[in-house]
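Here is a short briefing to read with the model open beside you.

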Amino acid sequence: MHIESSGDGPDMVLIHGWAMHGGVFASLTRALRERFRLHMVDLPGHGFSRDDDSKLDPESCAKNLLDTLPRALWIGWSFGGLVSLHAALIQPEQLRGIVQVATSPRFVAAPDWPHGVALDVFAQFEAGLRRDYRATIERFLALEAIGSDDAQAELRDLKAQVFSRGEPAVAALECGMQILETTDLRARLHELAVPNLWIAGRRDRLVPAAAMHWAAQQSPQRNFVEISSGHAPFVSHAAEVADTIAAFAENLAA
């Protein structure tokens, strides 16, 4: 996997969401790199890791990154939150903590889980990937931008970023969508042994703030923050997200 490192200070790992790459954190990294040593990851099949055909499943990605990176605070956005969550469950001693940004232990709604996206929405995206994956990605980005104070500006930003490191591998997109559809880590949240911060977007249409509030309540070392944003709060509210993460990081053990 491609990992881009910059900055100086305590180590911090940033893991992007579905169809994106580490470059999506540009605004956040500008706000954090004076205080932290940042490691921006491109997951297999994405960005500069497009030709990496290793497994995309979050547990495999977490294991690979744990073997490569120093002990750090891990920040995962959306799909990336599944990777950071697995890392915390697999090898907690290698993490100072995790920050879960607009992510959920279960993305799909169920009779006992009203805080997810309807299953047929994922089915539509999966079918769209086979017909026209670029148009499907753009529809997904539009859904991410809904709820932002300036949805059009945020959508332009996401669109400008998504293909800036080349096009993602279609096989990785399909695999990632299946993972989002089938993953359910609710029953494992009580196992978290590292400090965890959950940053939710109040108007997020993909991961309701209620899902993250519920998830935060399952761990004894939890923190929950709600920001007036959509699914990508680090785009629309970069300074607020950066300050929230920095304050959390500064209270962690070395």
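Contact here means that heavy atoms lie within 4.5 Å of each other. With that in mind, please note that this is a predicted model.

- Seven strands form an open sheet with mixed pairing, in the order β1-β3-β2-β4-β5-β6-β7.
- The edges are held by β1 (2-7) and β7 (222-227); each has a single partner strand, so one side of each is left without a neighbour in the sheet.
- On average, neighbouring strands of this sheet are turned by 20° against each other, direction ignored.
- Strands of a sheet pair through backbone hydrogen bonds, either parallel or antiparallel.

**From β6 to β7**

- Strand β6 (residues 196-201) and β7 run parallel and are joined by six bridges.
- Alanine 200 has glutamate 226 of β7 as its bridge partner.
- Tryptophan 198 stands opposite phenylalanine 224 in β7.
- Between β6 and β7 the chain passes through helix α8 (residues 209-217), making a β-α-β crossover that is right-handed.

**A helix pair**

- Helix α4 (residues 119-131) packs with helix α5 (residues 133-145) at an angle of about 145°, and their axes are 6 Å apart.
- On the α4 side, Phe125, Gly128, Leu129 and Arg131 take part, meeting Tyr133, Thr136, Arg139, Phe140 and Leu143 in α5.
- By class, the residues of this contact of α4 with α5 are five nonpolar, two polar and two charged.

- The largest cavity holds about 50 Å³ of space.
- Its lining is made up of Ser78, Phe107, Val117, Phe122, Phe140, Leu180, Leu206 and His231.
- Six nonpolar and two polar residues line the largest cavity, with no charged residues.

Notes: Residues are numbered from 1 along each chain as its sequence is written. This is a predicted model: local features need pLDDT of at least 70, side-chain atom pairs count only at pLDDT 80 or more; totals for chains, interfaces and linings use all residues. Side-chain values use heavy atoms; hydrogens and water are left out. Two strands pair if DSSP finds at least two bridges between them. Helices (H or I, at least four residues) and strands (E, at least two) are DSSP runs, numbered from the N terminus. Axes are lines fitted to C-alpha atoms, for helices over the stretch in contact, and angles run from 0 to 180 degrees between N-to-C directions. On a 1 Å grid over the protein atoms alone, a cavity is a set of points where a 1.4 Å probe fits but cannot get out, and a pocket is an open set with protein on both sides within 12 Å along at least five of seven lines; lining residues have an atom within 4 Å of a point. Grid points are joined across faces, edges and corners, and a volume is the space filled by probe spheres set on the points. Ala, Val, Leu, Ile, Met, Phe, Trp, Tyr, Cys and Pro count as nonpolar, Asp, Glu, Lys and Arg as charged, and the others, Gly among them, as polar. A crossover is right-handed if, with the strands pointing away from the viewer, the path from the first strand over the helix to the second runs clockwise.
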